[in-house]
Amino acid sequence: MSTAAHAEGAEGRERVFAPLPPAHGRSFARTWWGRTWLKALEDTALDGAQLKLGRAFARRGAVGAVAVRPGRITALVLGTDRTPCRADVLLRRLTADEWDRLLDVVVAQSGHIAALLDRDMPPRLVEDAADAGLDLLPGIGDLEPECACGGWDHCAHTAALSYQTARLLDEDPLALLLMRGRGERELLETLQVRSAAQAAKQDGRPPGAATHEEDGPEGVDAAEAFALGMLLPPLPEPPVPVSGTAGAVALDGAADVPGLDVGALSFLAADAAATARRMLAAAVSPQASGRPGQESLTAQEDAVRLAAASPGPAVTARLAAFCGCSEAELGIAVRAWGFGGAEALAVLADRPASAAALRQARDELDLAWDGMETRPVLQGQGPRWTVPGGEAQLRYGPDGRWWPFRIRGRVWWPVGGPERDPAAALATALAGAEESPPGR
């Protein structure tokens, strides 16, 4: 269920999501399907200034409760003068024949059902639907605006509603299927019937017919069994999460072994134990997907990760020497790591950007302050844009996000996490107090 509180209408054909808090310091979409929704909006809208104003409305929490129904989403949006205005965004409902084909696609892969119940939209499902001639996610021109303000294109109100909807879809992609015409309960009941019929057909027996004992146990796909609530023997209780990790114990006489750094070895053992504890906690959590993620790091990136754990002066000095940098430079890398991991290190290293990426960055900068009376002057050099004579800088990352930096002495330091909106990143860079990186 979405983290946003919601009420469900009759027969599950309407859901009302409570207003979300302001989105300060965060992107509007963190999932690939949420970003696809926003791309459809941004590719459709003709007025960039209205998009920017709508994004500002959504960021400050001006969008009220969002009602999701087949073919339509609705909300009241507080405009510049704080007057509420009804905004609607329309999305075409699938026909009965199209739903027939989509349901066949879903039941063909049991993992699709499990993913949807886990509030995930697997790319394979969207690809399989496309192969069947169905577009689950909206594209250019698919998000049709209707607003009480009379705007003929996406106005700031419908843009704000669309940005807020991306956050809702992040948490619950089933809301998208409701827009396409089917509520969650109706969808799952239909899938259960179709899945049972398909299994019976594959067995060569009528739906509902029992198997003969002499046939022997046939087994059940685990993902399908979980998704459809089929009766299986109970699973054993999951292991209890470990509350802490014990310190590494050095063997007697280890300190006398030539070339053996007992302190460094103890630190590595403790780091491995802590990593294992985190993986175990993730695996047994209710939100576990069964596929614990793990970053693939280079040796230098992993050295920075280790240094971020404050291993002590001796180990830090060894890590700096391994990276070929001073301890002060390693400290800057550790700070960047806290804001964004390996991607932040790539931005810190100031890797060159392609000509296409730089054109995209310039377009975003032009759009960010479009229509405003005052706009900052920024001097660009590669993927960096600096306030002339000031202490603030923006850097354009490989994935199209903006990173804020401030000058300290003669060195640029990262001072915040990435933003999709360059205006928000510049505000962080211009702030007097530096933000502390979150723990990773």
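Ala-67 pairs with Thr-74 of strand 4 through a bridge. The model is predicted. This bridge belongs to an antiparallel pairing: strand 3 (residues 66–69) and strand 4 (residues 72–78) are joined by 3 bridges. The two strands form a hairpin with 2 residues between them, and Gly-71 there has a positive phi near 85°.

Strand 4 also pairs with strand 5 (residues 84–90). That pairing is antiparallel too, with 7 bridges. Ile-73 stands opposite Val-89 of strand 5. Here the hairpin leaves 5 residues between the strands, and Arg-82 in the turn takes a positive phi of about 70°.

Leu-143 sits in the loop between helix 5 (123–131) and strand 6 (144–147). Is Leu-143 buried or exposed? Its relative accessibility is 1%, so it counts as buried. Ala-40 lies 103 residues away along the chain, yet the two C-alpha atoms are separated by 7.1 Å.

Next, the charged pairs. The whole structure holds 19 salt bridges. One of them joins the side chains of Arg-15 and Asp-172, at 2.9 Å from N to O. Arg-15 is in strand 2 (residues 15–17), while Asp-172 is in the loop between helix 6 (156–171) and helix 7 (174–179), 157 residues apart. Arg-15 has a relative accessible area of 4%, so it is buried. Asp-172, at 0%, is buried as well.

Asp-100 forms a salt bridge with Arg-194, with the closest N and O atoms 2.3 Å apart. This pair links helix 3 (residues 96–108) to helix 8 (residues 184–203) across 94 residues. Arg-194 also meets Asp-104 in a salt bridge, at 2.7 Å from N to O. Asp-104 is in helix 3, 90 residues from Arg-194. Elsewhere, shared partners join Arg-15, Arg-119, Asp-172 and Glu-184 into one network of salt bridges.

Finally, a helix pair. The axes of helix 11 (residues 299–307) and helix 13 (residues 327–348) come within 9 Å and cross at roughly 115°. The crossing is left-handed. From helix 11, Glu-301, Val-304, Arg-305 and Ala-307 meet residues of helix 13, among them Leu-330, Val-334 and Trp-337. The residues of this contact comprise 8 nonpolar, no polar and 2 charged.

Key: Residues numbered from 1 in each chain as written. Predicted model: local features only at pLDDT ≥ 70, side-chain atom pairs only at ≥ 80, totals over all residues. Heavy atoms only, no water. Helix = DSSP H or I, 4+ residues; strand = E, 2+ residues; numbered from the N terminus. Buried < 20%, exposed > 50% of the residue type's maximum accessible area, 1.4 Å probe, protein only. Pairing = 2+ DSSP bridges. Axes fitted to C-alpha atoms, helices over the stretch in contact; angles between N-to-C directions. Left-handed = near helix turned anticlockwise from the far one by under 90°. Contact = heavy atoms within 4.5 Å. Nonpolar A, V, L, I, M, F, W, Y, C, P; charged D, E, K, R; others polar. Salt bridge = Lys/Arg side-chain N within 4 Å of Asp/Glu carboxyl O.
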